[in-house]
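Today I open my notebook on this structure and write down what I looked up, entry by entry.

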Amino acid sequence: MTKFLQTLMDGVAVGSLYALIALGYTMVYGTLQFINFAHSDVFVLGAWVSYTLAVVLGYAASGSHPPLWAGLLILVAAMATCGAVGFTIERLAYRPLRQAPRLNVLITAIGVSLLLQNVGQLKWFFGTQPQRMPSLIEDRVLGTVAGVSMHAVDVIGAGTAIALMLVLEWLIFRTRLGRAMRAVSHDTAVASLMGINVDAVISFTFVLGSSLAAAAGFLYAMKYPGLNQPAHATWVLLGLKAFVAAVIGGIGNVRGAMLGGFLIALIELFGAAYLSPHLRDIYVFSILIIVLLVRPAGILGTSVAEKV
Amino acid sequence: MKPTRAFISLLLLGMVGCGGGGDKGGAAPAASGTVLIGHYGSMTGSEATFGQSTDNGIRLAIKEVNAAGGVKGRMVELKTYDDQGKSQEAGTAVTRLITDDKVVAVLGEVASSLSLAGGRVAQQYGVPMISPSSTNPQVTQIGDKIFRVCFLDPFQGWVEAKFARETLKANTAAILYDQGQAYSKGLAQYFKEAFTQMGGTITTEQAFTGGDQDFSAQLTTIRQTNPDVILVPGYYTEAGNVAIQVRKLGIKAPLLGGDGWDSTQLAAIGKEAIEGSYFSNHYSFQEKRPEVENFVSKYETAHGQKPDGLAALGYDAARLLFDAMGRAPSWDGTALAKAIAETKDFPGVTGKITIDPERNAKKSAVVVKMEGGIPVYVTTIEPPQ
């Protein structure tokens, strides 16, 4: 029972991170119908910007715990930085190719991804060494349920992620801007005829997706404080799994991305705990294959309008 | 789509890496009067301190030999290529060293998987290679041109088992290893054999894949078996991450590692979580031997930090190579390999080095304990007679 609950809790914590990253993949796909391969690198940037800010603000000393607002400040600053980076990427790399064949954009995305990875490794950015993220939240055990300790870091992390997803849900389905996003995603040409500023909406989508990725990066660094260097295989694998989450949920579908994130995290961790931890990546990718065979559009994929 | 992307990224990354990997750029042929030797190592990447320390050690040895008039009157020059800790890069780096730069011998790598990749290339071209610190037995089994100056994992696993049984009085042990690393898998296996032979019990063996960041599933299982000690035979980045999660789950048992833990970054990542854990190593800078004291002071003057085990082995490998070059009648692959193979009782910083018929070195090991962010010398364990 302890093992089941522990795994369930870890699954929700990891799943909320996958979901946050998957949202960025899915939103960009929804509006532009292309996979933004640089997205997982924006996530990495979010984690490393959080680390840099925490060190600059002097929270690196072990044992000292900054007030809660400091963590919040770093989270917001990281989201703003990555939002700006996302905006710049779209403006400089993708917008000039708006009318070009989709393959060109795809290859550009790979180029942007490599650029971010390699610039991140430069001495005057983050360097090539793994670093320890200072702890911004005091790691208290909030309570013990059936032998499973609930850590403050995990609870606050998952809580923040879920809160962000609720805000996004509200933004997309309850605001004018959200309606504009949905309209652009539905049919760009008609949306622009209806007086929607398509460029602005697409820019906003990138800013939104990138800042969610930054939030995921921050929460990831809180949960796993040993940060690998920006081009490490860890990040590639994480981005890959978040992408799988977006596809499983139905790429282009915001709720699907959230569902997919939690689903693959639970499958991965329960598989690792009860079957064999050696094959954890295989569970994730087998699910991808099964979903693609049975429901090629993804679990919630049907709700997306077909666009030719 | 995505797997293809990862592959392409890696491929392109590799190309980018190659472009900037050269030490001075371009393949300048050795000027007359100098002799070129090659080094390939992880100067960047997640094992970056391995390559950097080794390179520092080699450069110190070269400075000394050149100050003393060079080898047979010729100045030694070093060419270093970065393999970023990737096997495919290691092969490319060694090919470049041999075909472009025409080095007489190659030094490297630290990680056994990378030495295996680079060693196959060196053997194919018939150029001698000395691995300073790859401990997996397979490395020197590649062929007659591949040597090493460090002990092997069967011995290291035995040392750890002996230390766990006799010093830590552990009856049970759990293992968490990296299934993607020859070094980690081998060491886990040798520890298990030795530990059970000494009457201990392995409670569980768990694996992860390099790049995994979440060990909660494996550690939850380990916690259930309540072992006296946990063996984590990986590299320092993972060891630090594992330590953080071990303590978070409330596991109190000390962690035990191998020479792959030897890096200043271990304490930087693991911080308080790694305190009180032990690892076996090739030497400790706190050892009270004249060779060690002499080397530590020279290294600190040159590089401004305490030399880790990899720096010491890099230094030893380079000096042993110069010694063999001094004895060899010519510097072609066969003659040089013969001279290296004949090395006997070479006084290294990490102990006396005699190359055995399997091209390995038989040496003692030390065990150190992480205290206050530095590895503190605990004991020396001699090989069984």
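What is the mean pLDDT of chain B, and what share of its residues reach 70 or more? I found a mean of 87, with 92% of the residues of chain B at 70 or more, where pLDDT is the predictor's confidence in each residue, from 0 to 100. Over residues 1–31 of chain B the pLDDT is below 50, and beyond near neighbours in sequence this stretch has 35 contacts in the model, two residues being in contact if their C-beta atoms, placed from the backbone, lie within 7 Å.

I noted that this is a predicted model, in which local features need pLDDT of at least 70 and side-chain atom pairs count only at pLDDT 80 or more, while totals for chains, interfaces and linings use all residues. Residues are numbered from 1 along each chain as its sequence is written, and chains are lettered from A and ligands numbered from 1 in the order in which they are written. The model scores ipTM 0.77 and pTM 0.79.

Next I looked up the contact of the chains, which takes 40 residues from chain A and 37 residues from chain B. On the side of chain A that touches chain B, α9(A) gives the most, with six residues; helices (H or I, at least four residues) are DSSP runs, numbered from the N terminus.

Last, I turned to α9(A) and α10(A), and I recorded that α9(A) meets α10(A) through residues including A:K241 and A:A242, with A:G256 and A:A257 among those on the α10(A) side.

How values were computed
Helix = DSSP H or I, 4+ residues; strand = E, 2+ residues; numbered from the N terminus.
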